[in-house]
Amino acid sequence: MNFGSSESLAVYAARFGLTQSSARPTLRKYIQDVWQRRHFIWAFASAKNISMYSDSRLGQVWQLLTPLLNVGVYFLIFGLLLNTSRNLPDFLPFLVTGVFMFGFMQRSIQSGSKSVGDNLSLIRALHFPRATLPLAIAVVEFQQLVLSLGVLMIIVFAFGEPLDVHMLLFPVVVALQLMFNVGAGMVMARLGAFNRDVTQLLPFITRTWLYLSGVIFSLPSLMTSSHFLKTHSWLAEILKANPGYVFVELSRHTLLGKYRHHVQHHMAGNHSSTQLWIYALIWAVVALVAGFVYFYRAEERYGRG
Amino acid sequence: MVNAHLAQNPVDIDPTRDPIVVVDGLHIVYRVYGAGGKGNAASAMSRVIKRQKRPSMTEVHAIKGLSFVAYRGEAVGVIGTNGSGKSTLLQAIAGLLPPARGGVYTDGQPSLLGVNAALMKDLTGERNVVLGCLAMGMTPQETKEKYQEVVDFAGLKAGFINYPMRTYSSGMGARLRFAIAAAKTHDVLLIDEALATGDAKFRTKSQRRIEELRKEAGAVFLVAHQLDVVRETCDRVIWLDDGQMRMDGPPDEVIDAYTEATQK
């Protein structure tokens, strides 16, 4: 029998419920698929984490050594040599909180940009929602952060911070930061998948970002002392809304009682915790939703030769 | 391009069977980036400034107006000389290459098994099995149940399952990959030369597995250069020539015609 004239093949296919194989699923179905792969995300992240240091002799010890060495370097340069600590209480916990939290974001974004390109053979071999890859990368960075946070807590208590109800809010800050990282990582994953130059450029961008975000110096101090920022208040507002600064500063507000006290008393009205919380919440939700949707919209094109 | 549409082959539809893959007037055009021009930084920069495209980019019209219908339970062999568009066709069915014109319609998500040997080359075979199963959407429980079966099926030498996959020979890698993909029932399984690297014992095992997958109401597409493998495994053969359908029919008939044509 020849249907060629009466019925086109496309209609025939539709009649049997066949669908275009290169079409992407609906957003709702896609989210379900990703959720169904949650075990894959976790297992993939753990496997990556283990294999990361498998070539070095010290192995997993580096997971702990890397944050410690980072602290040492920054303390040597910014604490002792440049003495940026001017009139801040307890500079070391201040610095370490900033370096760890910002580093968490920086690494999530950088490795997020490579998450598709580095896994091409997996993408071409098996069919699974590609969003699991940047998600897994964010989990890898999160697993690394947990160890760093252990180091951080020891430093915080060693500097005589008393246990405080504010500290209970710190995990919430980390969760919001994670949401932001996932979203930003997914945006970079899509950009990096189609343009490898992004990966080369990112380290310079994030380094500039680091210096703009008050990670190694106190932005509130700078704002009260800098004449330039006082006359250009719009610039100060942008710096205060910058997510790099928001999450770092909020972590300090929750963890470091002395610092929070210092900011609230010496720079009153300028930097309230409430304002930081609002910014953090907005950034986290907007980045996660927008990043996920942005990544999803190119789903069928990842891994194409 | 113009008369390529005219060359589209007519399709007979069997109304008594359920279709699983419908290829409708498919054209595939893909871009190739190769090493060309002067490969130094200065020339690349001047190209960016002058807004030229990469000089080495060419377009290849690999599939030219192909139509056919594959039904549930079929094992379709795809044969043809190098560059006739066999692998491109499988990639298009898998949804990895977008059609320039026409379309591919499938029931469920097709899975393509290619020749590159490793999934995640820095991880051990064991991790690859677990991650592969989870990525295909199995639960941790199902993965645990299937694990031994996959390892046995791949038939690696003792101990190799604990080594990173980059240490595997290409045959071992291909076998493990096939074993992982075959652990799950696929609606449409596309196999691109993946069986070529296996030894005789593995070939028998995989033929049996393909047979099972077919019975579980899917369809299997197989690209292979060894015609005896196609003859043993498939119940229908498509002969591609320069991106167009040359012949479509029972294995013996098509393969005999193909052999005769290529030996001239």
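Helices (H or I, at least four residues) and strands (E, at least two) are DSSP runs, numbered from the N terminus. This is a predicted model: local features need pLDDT of at least 70, side-chain atom pairs count only at pLDDT 80 or more, and totals for chains, interfaces and linings use all residues. Residues are numbered from 1 along each chain as its sequence is written, with chains lettered from A and ligands numbered from 1 in the order in which they are written.

**Stop 1: chain B overall**

Select chain B. It holds nine helices and nine strands. Of its 264 residues, 44% count as buried (20 or more other C-beta atoms within 10 Å of the residue's own; exposed means 12 or fewer, partly exposed in between; C-beta atoms are placed from the backbone). Now take the contacts (C-beta atoms, placed from the backbone, within 7 Å). Among those in chain B with a separation of 6 or more, 76% link residues 24 or more positions apart.

**Stop 2: the sheet of chain B**

Show the strands in the order β5-β6-β7-β3-β8-β9 of chain B. These six form an open sheet with mixed pairing; two strands pair if DSSP finds at least two bridges between them. At the edges are β5 (111–113) and β9 (244–249) of chain B, each pairing on one side only. Neighbouring strands of this sheet are turned by 20 degrees against each other on average, direction ignored.

Zoom in on β5(B). It runs parallel to β6 (residues 188–192) of chain B, with three bridges between them. Pick B:Leu113: its bridge partner in β6(B) is B:Ile191.

Next, select helix α9 (residues 251–262) of chain B. It lies across β3 (75–79), β8 (236–241) and β9 of chain B, at about 30 degrees to β8(B). Axes are lines fitted to C-alpha atoms, for helices over the stretch in contact, and angles run from 0 to 180 degrees between N-to-C directions.

**Stop 3: a helix pair in chain B**

Select α5 (residues 140–154) and α6 (residues 170–182) of chain B. Their axes are 8 Å apart, at an angle of about 145 degrees. What meets α6(B) from α5(B)? B:Val150, B:Phe153 and B:Ala154 do, against B:Arg175, B:Leu176, B:Ala179, B:Ile180 and B:Ala182. Ala, Val, Leu, Ile, Met, Phe, Trp, Tyr, Cys and Pro count as nonpolar, Asp, Glu, Lys and Arg as charged, and the others, Gly among them, as polar.

**Stop 4: where the chains touch**

Show both chains. 33 residues of chain A are in contact with 41 residues of chain B. On the chain A side, the elements giving two or more residues are α1 (9–15), β1 (19–20), α3 (38–52) and α6 (120–125). The largest share, six residues, comes from α3(A). This side of chain A divides into 16 nonpolar, 13 polar and four charged residues.

Now select β1(A) and β4 (residues 101–106) of chain B. They run antiparallel, joined by two bridges. A:Gln20 stands opposite B:Tyr105.

**Stop 5: chain A helices**

Select α7 (residues 132–158) of chain A. Its 27 residues should span 39 Å at 1.5 Å a residue, and its end C-alpha atoms are 39 Å apart, which agrees. The expected span is 1.5 Å times one less than the number of residues. Just after α7(A), A:Gly160 takes a positive phi of about 80 degrees.

Finish at A:Ile282, in helix α15 (residues 273–296) of chain A. Is A:Ile282 buried or partly exposed? A:Ile282 counts as partly exposed because it has 15 C-beta neighbours inside 10 Å.

Key: Contact = placed C-beta atoms within 7 Å.
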